[in-house]
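Hello,

Here is the structure we talked about handing over. Please open it and keep it beside you as you read.

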Amino acid sequence: MATVKKRKKKGNESWLTRHSLGVMTAVIAIIVAIGAVFAFAFIPYTGGNDKEGDWVYIPHGASTAQVRDSLKNSLGSSMGTRIYIMWKLMGNNPAKTEGAYRMDPGQTALGIARRMATGRQTPVTVTFNSTRTMQQLADRIASQLQCSPEEFMDACAEVLPEHGFKRATYPAAFIPDTYEFYWSATPENVVKRLLDYRDNFWNEERTKKAKSLGLSKVEVATVASIIEEETTKKDERPLVARLYLNRLNKGMRLQADPTVKFAVGDFKLRRIRGEHLRVSSPYNTYKVEGLPPGPIRVPTASALDDVLNAPHHNYIYMCAKEDFSGYHNFATDYATHQANARRYQKALNQRNIM
């Protein structure tokens, strides 16, 4: 009996010995696999920086190969490949992924792939300031979104007339500022949202102020565009606004040099001469009565408020100061204005400004 028991014990030990190595190998393999999966999916992205991050853009009509290339080019081969593989496992739908995605340090490949697979793109900042023409506006919008300048202009032609705007008054439909859009937003939606922002600016109080001035919202924008071109000094703009309002109320021609520059097509003109004043254009306020057909630039919100809140005074003449400070001499009578103009012309001649 003792011999039998000993043999059984030997048999038991033999089985454990035979299988322990395999079990250990399997356990190690599982641990390694889990670690590999964890590293593949959860090791955070370390590129970019805290302020900007890195951006991945998936354009309209992109193929799966283009998605892969965009990821690898923007995030590096290793991270880009990991995200791409998981993105493919989650649906592999470039149309749903279209858009812009900011990748910040600390985000995991799994989290990024999930965002892209579900189309949860990051809003992009769209800014436009110091915009004179609609073409400039279209170029700046297009440089920050997926649409082309031509598509933006076509969207303006489609949307704005329905809201009472003519081609000459398109600049009054927009207010320079910083906005947020999805990069893949359609041009039509961009125009409509920008128009909504403009309509929100024109609250009840501002609308009443415009009415008290005898001006429409577009006409306020037109005056605002002129004063922004007339002076770079923000503290002087309300005075200039009231001067032009005084001229309008008196039935005088505006005789605003910026409108002549607009008519000529050269905003760099330092000296307005007779040949410029004779240009035949509805924007040449030396020849036409009242306001030009529309704004000569896209006016800012502050310039619009400068018109609406212009302080009362009796000035109807202005001339650039002879010290070239950027400020103006104002006058209530023509004789004083002529004296101011002679001093300025003399200063121009002394500096050989043609």
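How many cavities of 30 Å³ or more does the structure hold? There is one. Please keep in mind that this is a predicted model.

**Overview**

The chain has 354 residues, and 41% of them count as buried. Its secondary structure comprises 15 helices and six strands. Take the contacts in the chain with a separation of 6 or more: residues 24 or more positions apart account for 63% of them.

**The cavity**

The largest cavity has a volume of about 40 Å³. Its lining is made by Ala172, Phe174, Ile175, Arg198, Trp202, Lys217, Ala221, Pro299 and Leu304. By class, that lining splits into seven nonpolar, two charged and no polar residues.

**Helix H10**

Start with helix H10, residues 217-230. At 1.5 Å a residue, its 14 residues should span 20 Å. The end C-alpha atoms are 20 Å apart, so the model agrees with that expectation.

Is H10 mostly covered or mostly open? Mostly covered: eleven of its 14 residues are buried. The buried set is Val220, Ala221, Thr222, Val223, Ala224, Ser225, Ile226, Ile227, Glu228, Glu229 and Glu230. One of these, Ala221, also lines the largest cavity.

**The cores**

The largest nonpolar core has 57 residues. Ile141, Phe152, Leu160, Phe174 and Tyr244 have the most contacts inside it. Several elements supply at least two residues each: strands S3 (124-128) and S4 (177-181), and helices H6 (134-142), H7 (149-159), H8 (187-201), H10, H11 and H14. Which element gives the largest share? H10 does, with six residues.

Leaving aside its neighbours within four places in sequence, Leu160 is in contact with Ala155, Phe165, Tyr170, Ala173, Phe174, Val191 and Leu195. Phe174 is also part of the cavity lining.

**The largest pocket**

The largest pocket has a volume of about 1,400 Å³. It is lined by 48 residues. Those closest to its centre are Glu230, Asp257, Lys261, Ala320 and His328. Glu230 is one of the buried residues of H10.

Which elements give two or more residues to this lining? They are H10, H11, H12, S5 and helix H15 (334-350). H15 gives the most, with seven residues. By class, the pocket lining has 21 nonpolar, twelve polar and 15 charged residues.

**Helix H3**

Now turn to helix H3, residues 77-89. Its 13 residues reach 18 Å from first C-alpha to last, close to the 18 Å expected at 1.5 Å a residue. Its buried residues are Met79, Gly80, Arg82, Ile83, Tyr84, Met86 and Trp87.

After H3 comes Gly91, whose phi is positive, near 145 degrees.

Best wishes

Conventions:
Residues numbered from 1 in each chain as written. Predicted model: local features only at pLDDT ≥ 70, side-chain atom pairs only at ≥ 80, totals over all residues. Heavy atoms only, no water. Helix = DSSP H or I, 4+ residues; strand = E, 2+ residues; numbered from the N terminus. Expected span 1.5 Å × (residues − 1). Buried < 20%, exposed > 50% of the residue type's maximum accessible area, 1.4 Å probe, protein only. 1 Å grid on protein atoms, 1.4 Å probe; cavity = no way out; pocket = protein on both sides within 12 Å on 5 of 7 lines; lining within 4 Å. Points joined across faces, edges and corners; volume = space filled by probe spheres on them. Nonpolar A, V, L, I, M, F, W, Y, C, P; charged D, E, K, R; others polar. Core = buried A, V, L, I, M, F, W, Y, C linked by side-chain atoms within 4.5 Å. Contact = heavy atoms within 4.5 Å.
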